[in-house]
Each structure stands twice: as C-alpha cells, then as structure tokens.
Amino acid sequence: MLEIRELTRRFGESTAVDRVSFEVPAGQMTGFVGANGAGKTTTMRMVMGVLGIDGGEVLWQGRPITRLDRRSFGYMPEERGLYPKQPISDQLVYVAQLKGMERTAARTAVAELLERFGLGERAKDHLEKLSLGNQQRVQIIASVLPRPAALILDEPFSGLDPLAVDSMVDLLRDYTRDGIPVLFSSHQLDLVERLCDRLVVLAHGRRVAAGTVAELRDAGVPRFRLVLGGDAGWVRDQGGLDVLDLDGTTALVEVQQSGAEQHLIAEATRRGDVHEFVRVRPALSEIYREATA
Amino acid sequence: MSTDDSTENREPAWLLVTRREIVSRITDKSFLIGTVLMVAMLVGFIGFSAWQDERTDEVTLGATPDAVAMATAIADNAAEVDDKVDVTLVELDDEAAARAALTEEEVDAWLHPVDGGWELTTESSEQDSLTDVARVVVRQQVLAENAAGVGSTVEALEAGSSVSTAFLRGDAEKAGVAEAVGFVFVFLFYFAALIFGMQLASSVIEEKQSRIVEIIAAAIPLRHLLAGKVLGNTALAVIQLMVYLAVGLVGLSFTSYKSYVPALSGPTAWFIGFFLAGFIALACLWAVAGSLASRTEDLQATSTPLTMLMLVMFFGGLSLDGRGQVIASFIPPVSAVVMPKRILAGGVGWWEPLVALGLLAVFAAVTVWVGERLYRRALLQTGGRVSLRQAWSAAE
C-alpha cells in the first residue's frame, strides 16, 4: 500500500499542495481528480521523488519510501515523456536498463510487451511515426518495465479514443489483479467513476473528498424523491425535511432529521397512491462540483 | 522490492547514459555526413595546396625584335629566380603583332622597352610570377651593363649592402607553420565546442520538454544523467577531433611540409589534452544552458553568455600575442586554445603547459560542481525560462 501523509509543497508564496493525505491500497485503482492546477501533478511528482517535498511524507508498505522503491514504480509523466526521434524498442530497452534491468532481459521484456500491444512490427519505428494511441501504448510499456511495484500515471487516458481507453483499462486491471496499487489522474469523471475503486478529489491544493465511489455518493445528506398520485403540496408541512423541489405530484426532499423520511412515506401512503419513493444519490460530477466549488 | 539486490551489479547509470548519447549520435545521419564532409574538405584542401605547391607556372613571353635579347635572358634565368616558373620565348614581328598575339592569347605577356626602362604588357590580369622574375632579371642585366659602363662590376657596386635575417629560435618558415597550425587549433576548438555544445544543450531541452527527464529522474540520480551526457559528448568531440588531426597530419606528410610533422606531434598531443579539459568545462555549462530553457526557442537566450565566451576564446586565441598571450595562456578557459598555440611557437618552459592544464582542470571541476547544481534544479522546473539566480536558489 502507498500512503501519502500531509504532503505539502510550496512554490514561492503559493502553496500548490497543502497537507494532502490519502491511500492507494494494493490491488485497487485510485482515481485522482481535480481541476487544472489543483495540485494533482505536483503531488504525483513528489510521490515519484521528481520534486522535493516541503512537508509530510510518502510511505511504501508502511515505511518511508526510498529511491530504490521509487525505481521499481512505473511512472507516466503528464506530457508524454519519450524521445520522439528514436526507435521505440531502443528507447524502451534504455528506460528498462535505467530502472535496473539487465540488457538481454530488458530486450526480451520489451519484445514481449510490444508484441502484446500489437506493436511488434513497429519496434524499429521512431516514436513520432506512431499514432497517438500507439504512442500512449509505448508510454505505458515504458512505465510497466520491469514488472512495477506500483503505477503512478498522470492523465494516462487523455487523447485516447474509446477503444484505446478500453485496452488500456484491461491492461491496468491485469496489474491490479496481481495486487499492484494504481494511482491515476484524470479529469474525465465518467471514466473515473467507471474504472475506479477509490477516488481522491483535490481542489486548490487541498484534499476535499476521498473514498470509494459508493462511499462518496452516500456521504452527503440523504435525498429522496417522492412521486404521488395526487398533489404533493402537503410535503412542505412535514417536519425534519428540507424540500428542494416541488413540481405537481413530485417532490425532492433532503432529510435533516434522521427518521423523517419514514414519517414522510407513512403520511404519503395514508393520503393516497405512492408511485415512487427512491433514494437519490448525487452523480459523481455533482459531488465533484460541490466539493471543488 | 525483490529487484533491489539484483540491480547493484548492473552497469552504472552514467555509463548507460554515455552509451546512449554516443550510439544515438553516431547512428545519426547528419552527424556522419558532417564528419565525412569535413574529412573530405580537409583532404581536398591539403591535396590542393600540395598540387599548388608542386605545380610549375608555364608562361609564354612575347618579344618584339628590340626586346628579344632581354626576353631571352629572362627565359634563361627564370629558373634561378623562381624554380616554379618556366618561361617560353615567342618572337614577334612588331607591336601590332604583339597586341594581336596577346588578344588571341598566344602569349601571356609582351616585353618591350619604354623610356627609362621596360614594360610588361598583359591582356588584363597580372602575371605575378612572371613579373617577379622579369623584375629581377631585368635589374640584373641593366645593372651589369651600367656597371660595365662606369668600369665597375655589379658585385663591387653591391658590396656591403646585403641585409640577411637570422632567427635565434627556429626560422621564418617554421614560425609561419606554427602560426597556421595555431589557427587550425583555435578554429577546431571553437568549431567543436560550439557544435557539440549546441547539440548537448538541445538534447537536454528535448529531454526536459518531452518530460522523459521525469522518468529518468525517478529511476537514477540526475547527477548520473548529466555525467553521462557530458562524457558521451566529450568522447564524441575528442574522437572527431582526433580524426581531423590525424587526417591533417597524415595529409601534411604528403606535402613539402612533411619535415614539420614530427615537430607538430608533441603540440598536437598537448592540444588534445587541453581540448579534453576545456571541453568538459564548457559541456557542463552548455548542459546548464539547456536546462534553463523550457523550449528550443529559449536556447538562443539562455546560451548567450556561453556563445560570448566562445567568441572571446576564438578571437583571444587568434589575436593575442606578447605578454597578453602569456597571461591568457594560464587563464581558463581561454588557456585551452592559447597555451597550445604558445607550445607550437616554441620557447615554453616544460612546467608552463602543466600548470595551465592543472588550472584548466580545476576550472573544469568547478564548472562541473556548479553546473551539476544548476542543472539538477533547473531541469525539473516547468513553465517558462529559468533564470540562473532562480536555478541556484531553487528548492529541489
């Protein structure tokens, strides 16, 4: 497990990351969301040791992280970081060697991965000759060489078409299945909701929400929608509730006092037909908007 | 992790970087073509000079009857004055025939007497070697006649008037060769430091701009990246320099200057030593210039102090002499070009190059230390150009 504790980074007067704490549990995909400039990239760079830390710490398997730990991590920087004018297999072997692989082992591993991603034929091509989706594949190969202990991916899905996203997701799932923690940032919330086991939301350098998707959606004040056979005007007079919306036969209420919803449904059935009574969980985008507002 | 213990006996990171720098460059077509072109130019230049050197100037000299005697004297004595000139005499009937022959290019020049002397008429361009020969021979002939007229001899008239030159150290030709080779040294240093420096700086920007530097920084200490890049480029620059120097020296041994080749070998070896230390010092600074920029377009601005320094070295190396040269030959990094030039000229104490090289090495060590700090801090700063002050004081 990767733990980020009270991580802080200042640039001059401004605090880019302000006492941010969260966990990336083994075998789970943790999505890192937030607006541009919220501090996602800065946090990831600190985790990778590429940027100095002003306060707080990063723990790996319960102890402070070391250079060698980081060397075993797979890292994908925000802007695609490889040599545009070099054959892809050469530079992948180079990266693998920098990470401590022996040359022949690196060659074999690179050839295998290229084959697996359908790039076996392109091994000698320069990176810039490949399509964006394929470049991204090469990039991910660079980060999973050698077998990574953890994956830290900054915007791995940006610029990918839906099919490429799916194949990238399949690959990441292969790693989480083996118990590898994956942290990735994105501002495509639908994607994050679909993929992630957990979610961390940053705004202005602070952590504003964290947890599983279900936890986050359940976290707020519970809301219910009630659809009746007749007019719903009487709902306003019920205690312990806050009526958010009232439109003819439909009412949307927020429960201020626990148990108030039970009184509401009892009263509704006493008065006539009840067509619908459901808990309304906010969409992730709504939570995000509220959290970052 | 399980990889920890198995990684320590691998190749050191700086060596991996060095190898990549060298391999990626020598497989680069423009580098190979540039090197081959330079060698071809060197060979061509030396070949041309050798040919120029061996070539005999063949000129035809036209003479009307009143000048045949003098022209014959010129043709006969030409070889004594300049062994590269071969004069053939063509007798012409009169002035009109002479002018026609010149226009038709049957003769290169026409000799005829004028008031108080002789005139050599050519079509348009001057026949330098012929003119020189004619001046000497005509002067000898006329002087001999005039001397006879007053009952004396040329020798008697000229007695005690000669001024000869003597050098305590070497001779004029040797000094000329030293001057020329010195120019080549300065030029090669400037050329290599600029080309390889620029290349190094732009490869630093490429890594910074594409962010591969973040992947590298997460895997190895940046010190190793810098060391690998500097060593790789230095090795390439020195190898290329040695190829040029070898081609130059071998080429020289095919010309009439071949006797100088053994004497040039020592200074050339010194030059390589000075080049090595000087280049390492500058390469670190070039890497800093690259790390301060955030895009290739910024390099112009961030490398200005360096290009100025290179110009100072270039012109200093070429123009300094006397006491200024002696002082400059100890001041790094200018000493890298000035001291080899002094060694070429001769008269340098055995300890002087050693002291200069030692100072240059110290300077290189300082730039490596300063450069490493600036490079490490500027490299991971994104968003625009980084000033030296920011880089120096920035937190990592």
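## Around helix α3 of chain A

Just after α3(A), A:G100 takes a positive phi of about 105 degrees. Helices here are DSSP runs of H or I with at least four residues, strands are runs of E with at least two, and both are numbered from the N terminus. This is a predicted model, where local features need pLDDT of at least 70, side-chain atom pairs count only at pLDDT 80 or more, and totals for chains, interfaces and linings use all residues. Residues are numbered from 1 along each chain as its sequence is written, while chains are lettered from A and ligands numbered from 1 in the order in which they are written.

α3(A) itself is mostly covered, with 10 of its 11 residues buried. Buried means that 20 or more other C-beta atoms lie within 10 Å of a residue's own; 12 or fewer makes it exposed, anything in between partly exposed, and the C-beta atoms are placed from the backbone. The buried set includes A:I88, A:L92, A:Y94 and A:L98. Which helices do they pack against? In chain A, α4 (103–116) and α5 (132–144); in chain B, α1 (13–26) and α8 (212–219).

## Where A meets B

The interface has 32 residues of chain A in contact with 23 residues of chain B. A contact puts the two C-beta atoms, placed from the backbone, within 7 Å. On the chain A side, α2 (67–71), β6 (73–76) and α3 (88–98) each supply at least two residues. That side splits into 16 nonpolar, seven polar and nine charged residues. For the bookkeeping, Ala, Val, Leu, Ile, Met, Phe, Trp, Tyr, Cys and Pro count as nonpolar, Asp, Glu, Lys and Arg as charged, and the others, Gly among them, as polar.

## Strand β9 of chain A and its neighbours

Strand β9 (residues 198–203) of chain A has five of its six residues buried. It pairs in the parallel sense with β3(A) (residues 29–33) over four bridges, and A:F32 has A:V200 as its bridge partner. Pairing requires DSSP to find at least two bridges between the strands.

β9(A) also runs antiparallel to β10(A) (residues 206–212), joined by six bridges, with A:L202 opposite A:R207. These two strands make a hairpin with two residues between them, and A:H204 in the turn has a positive phi of about 50 degrees.

## The shape of chain B

Chain B has 16 helices and four strands. Its radius of gyration is 31 Å, whereas a compact globule of 396 residues would be near 21 Å; that is taken over C-alpha atoms, and the globule rule is 2.2 Å times the number of residues to the power 0.38. The C-alpha atoms fill a box of roughly 105 × 50 × 40 Å along the principal axes.

An automatic or database assignment sets the domain bounds: domain 1 (12–47 + 171–393) and domain 2 (57–158). Their C-alpha centres lie 54 Å apart. Of the 396 residues, 35% count as buried.

## Nonpolar cores

A nonpolar core is a set of buried Ala, Val, Leu, Ile, Met, Phe, Trp, Tyr and Cys residues joined through C-beta atoms within 7 Å. The largest has 137 residues, and A:I152 and B:A287 have the most contacts inside it. Helix α10 (residues 261–292) of chain B gives the most to this core, with 18 residues. Another core, of 21 residues, lies apart and includes B:M70, B:A75, B:V107 and B:L111.
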